[in-house]
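Open your viewer and get ready to click along.

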Amino acid sequence: MTYKYNYVILFEDFGVIFVIRLQKQIADLGYCSRRKAEELITAGKVYVNGKKITELGTKVNPTDEIRINNEILSVQEKEYYIFNKPREVVTTTSDDKGRKTVLDFFDIDKRIYPVGRLDYDTTGLILLTNDGEFANLMMKPSSKIQKVYLAKINGIMPKEDLITLKNGIVIDKRKCIPDKVKVKSIDKKTNTSFIEITIHEGRNHEIKKMFEYFHLDVLKLTRLSYGSLTLGNLKSGEYKKLSIKEVKTLYSLIKK
Ligand code: URA
């Protein structure tokens with residue numbers, strides 16, 4: 001694997017020592033995302049060379065032994081998967097309420113974790129990997145990776161509301177402008193409609209909050225695509241390993 005270090009220190013008898021922030025090293029070793037690593041550090045779960053470290057940003061080098069929950073971390077080959085998440089599944093690696101997690105569907109020996117999140121009742125495409133740097137880049141709003149959702153809503157949006165939505169609305173004090181909004185179908189009998197909506201941010205409950213703004217409920221929500229990836233023939237509960245080419249294409253979509 002290739003490392004990208006934040007810092008390089010030249011020294012003494014050793015020549016060159018590479019140092020890296022602890023949370024980044026944990027993510028790079030494929031244990032979990034950088035965000036999760038920060039939580040583990042502040043919760044006192046991380047030991048470096050036998051010493052508990054709780055300070056974020058502590059620098060480590062590749063020879064330092066990192067231990068979390070009695071597991072000594074080591075370099076893993078990077079792997080990337082897409083998964084078609086069913087309803088009533090959480091997008092975490094464990095759940096204290098005993099609910100099914102996305103990992104319950106995987107039969108692999110690598111430790112992987114989801115890139116971002118989908119709600120418990122949302123279905124569709126989610127990426128999983130053990131590549132912390134990749135996960136971070138995919139989740140960064142500035143990377144502008146587009147995600148397409150199909151929402152079934154309990155109403156039919158008037159044209160004026162669709163225009164308002166397309167122009168952007170303020171949610172939780174922040175402007176939220178979808179990349180695309182398209183009405184796919186309307187059913188006057190049941191007063192429901194399907195709307196396809198493309199966003200590049202990943203704020204919690206973003207799509208539901210957009211419709212809530214117009215006093216509409218999302219009855220069903222599915223993520224159809226993530227950047228260049230679509231569900232294709234993947235059935236609910238199935239996963240697929242991504243090829244190098246598919247991963248490279250995702251990287252090429254990142255806005256610099
Ligand atoms: N927006 C939502 O409201 N829920 C999701 O699961 C994803 C995006």
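Select the ligand: it sits in the largest pocket. A pocket here is an open set of points on a 1 Å grid over the protein atoms alone, with protein on both sides within 12 Å along at least five of seven lines; sitting in it means that more than half of the molecule's atoms lie within 2 Å of its grid points. This is a predicted model, where local features need pLDDT of at least 70 and side-chain atom pairs pLDDT 80 or more, while totals for linings use all residues. Residues are numbered from 1 along each chain, and hydrogens and water are left out of side-chain values.

Next, show the residues with a heavy atom within 4 Å of the ligand: Leu 118, Asp 119, Thr 122, Tyr 149, His 205, Glu 206, Ile 207, Lys 208 and Leu 221. Colour them by type and you get four nonpolar, two polar and three charged.

A ligand nitrogen lies 3.1 Å from Ile 207, and a ligand oxygen 3.0 Å from Lys 208.

Notes. Polar contact = N/O pair within 3.5 Å; in protein donor to acceptor, adjacent residues only side chain to side chain. 1 Å grid on protein atoms, 1.4 Å probe; cavity = no way out; pocket = protein on both sides within 12 Å on 5 of 7 lines; lining within 4 Å. Nonpolar A, V, L, I, M, F, W, Y, C, P; charged D, E, K, R; others polar.
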